[in-house]
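Reader: I would like to learn how to read a structure like this one, feature by feature. Could you walk me through it?

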Amino acid sequence: MSNHSRNEAVLHHIAIVGSGPSGLFCADALLRQRPDLKIDVFDRLPTPYGLVRFGVAPDHQGTKAVTRQFDRLFAGGNVRFLGHVQVGRDLPLADLRNHYDAVVLALGAHADRPLGIPGEALPGRYGSMAFVGWYNGHPDFRDLEPLLDRPGVAVIGMGNVAIDIVRVLGKTKAEMASSDLTAHAAGMITTAPFTDLYILGRRGPVEASFTSAELAELGRLERVRPVVKKSDLPDALPAGLDPNEARVKEKNLAILHDFAAREDDKPIRLHFLFNAVPEAITGSSRVEGLKIRGGATLDVGTVISAIGYRTAADGDLPQSDARGVIANTDGRIEPGLYVVGWAKRGPSGTIPTNRAESKTVADLLLADYATDTTPAREGSAALDAWLKSRGVPVMDWACWKRIEAAETASAMPGSPRAKLAAWEELRKHRQS
């Protein structure tokens, strides 16, 4: 018997479903309090890091540096990576729970919210999850081949994802040289005939949810001039805003006023359209325009919606509710089953936001087991036998390191990696 009390000793084996920031921050928080725990992290993809690899913009390499902390977590010996295992289908949740004392769902939010307007199904209209996944090397979207053959592109939404998209489309090849933008996306974007990009939101500039640093970046692009109508901008903020919120919005307004005053001539214009409500996407066989309430129609061949995400669970995993999240109370779905990150609260906040929240759920989990007397489950060894008996082709940490080595070796000068984006390219690294 270990030095732990009888109650503490029942908690040995934890499974975390999802290897993005919220799941890995939760693993870190658990181990800091219980370094004896054995944690298995599952992901349906062969590569770890979730949102960091596939959501963070390819030219924001500083944000991706958090992976170094996660690497140390996996190197510590108590955390395993089991990639290419789709919990809910390859491995039903019910079976997973039979092998582990507790399960934490860190599923993220991977389904685009629909626009709900006519023409949404036309070729040339994409959700931001698919579009960002395409240029970030997500294997599900490797073959998206978006239509980028017309001068005009409209991005619907005024958050940081929308800002990322127009910035990636607007940057030159030289500006993207130090990024990990995928080669297939870089080729299409570099040769696209863009002259007019539009970013539009249903509400005004005060209500826009982008952050100041991301907004300011748009004013430093080599070939893009932000275009803002001064008449759309208030001179001051409304009263009653939270002081922290007011500081961000005041800075945003100052940046937008600066944009409105610019007269420089650049080949691509980036139009900010506030209080612009999309009514329909026009066209017969493809996108030809975007109709805005009030009568105007933008001449665009591509429409990308960046209006938020919802959790879409597979197989026997809990389904999301009307809010797009998995129903929970402070992170507890039911005894022994927990949820963290976007699947818990919705797609909000930055990557560091997940750290504190994941720790809170880890604290809740440990508190629940402080009074539990259920016998500890068998954990990794039994689960490995289960997977092998059913022929599930697991890709572990060694497989990921081979993928990483291949990406690093083939990177262009100045770029950190050349992402392997096709399923077949990734799967061939299962064997050494």
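Reader: Let me begin with one side chain: does Asn-252 count as buried or exposed?

Author: The general idea is a cut-off on relative accessible area: buried means under 20%, exposed over 50%, and partly exposed in between, using a 1.4 Å probe and protein chains only. Asn-252 has 3% relative accessibility, so Asn-252 counts as buried. A word on the source: this is a predicted model, in which local features need pLDDT of at least 70 and side-chain atom pairs count only at pLDDT 80 or more, while totals for chains, interfaces and linings use all residues. Residues are numbered from 1 along each chain as its sequence is written, and side-chain values use heavy atoms, with hydrogens and water left out.

Reader: Where is Asn-252 placed, and which residues does Asn-252 touch?

Author: Asn-252 sits in helix 11, residues 243–261. Helices (H or I, at least four residues) and strands (E, at least two) are DSSP runs, numbered from the N terminus. Contact means heavy atoms within 4.5 Å. Leaving out residues up to four places away in sequence, Asn-252 touches Phe-210, Thr-211, Ser-212 and Leu-215.

Reader: How do I check a helix, and what span should helix 2 have?

Author: The expected span is 1.5 Å times one less than the number of residues. Helix 2 (residues 21–33) has 13 residues and should therefore span 18 Å; its end C-alpha atoms are 19 Å apart, which agrees.

Reader: How many residues of helix 2 are buried?

Author: The count is 11 of the 13, so helix 2 is largely enclosed by the rest of the structure. Among the buried ones are Pro-21, Gly-23, Phe-25, Asp-28 and Leu-31.

Reader: What should I look for in backbone angles, and what phi does His-84 have?

Author: Most residues other than glycine have a negative phi. His-84, although not a glycine, has a positive phi of about 65°. His-84 lies in the loop between strand 3 (79–83) and helix 6 (93–99), and counts as buried because its relative accessibility is 13%. Asn-275 also is not a glycine and has a positive phi, of about 50°. Asn-275 is in the loop between strand 10 (268–273) and strand 11 (278–282), and is exposed, with a relative accessible area of 53%.

Reader: Now for charges: how many salt bridges does the structure hold?

Author: Side chains of opposite charge can pair when their charged atoms come close. A salt bridge here is a side-chain nitrogen of Lys or Arg within 4 Å of a carboxyl oxygen of Asp or Glu. The structure holds 26 of them. In one, Asp-36 pairs with Arg-34, with the closest N and O atoms 2.8 Å apart. Asp-36 is partly exposed at 24% relative accessibility, whereas Arg-34 is buried at 8%.

Reader: Which parts of the chain does the pair of Glu-407 and Arg-53 link?

Author: Glu-407 and Arg-53 meet in a salt bridge of 2.6 Å, N to O. The pair links distant parts of the chain: Glu-407 is in helix 15 (residues 397–409) and Arg-53 in helix 3 (residues 51–54), 354 residues apart. Both Glu-407 and Arg-53 are buried.
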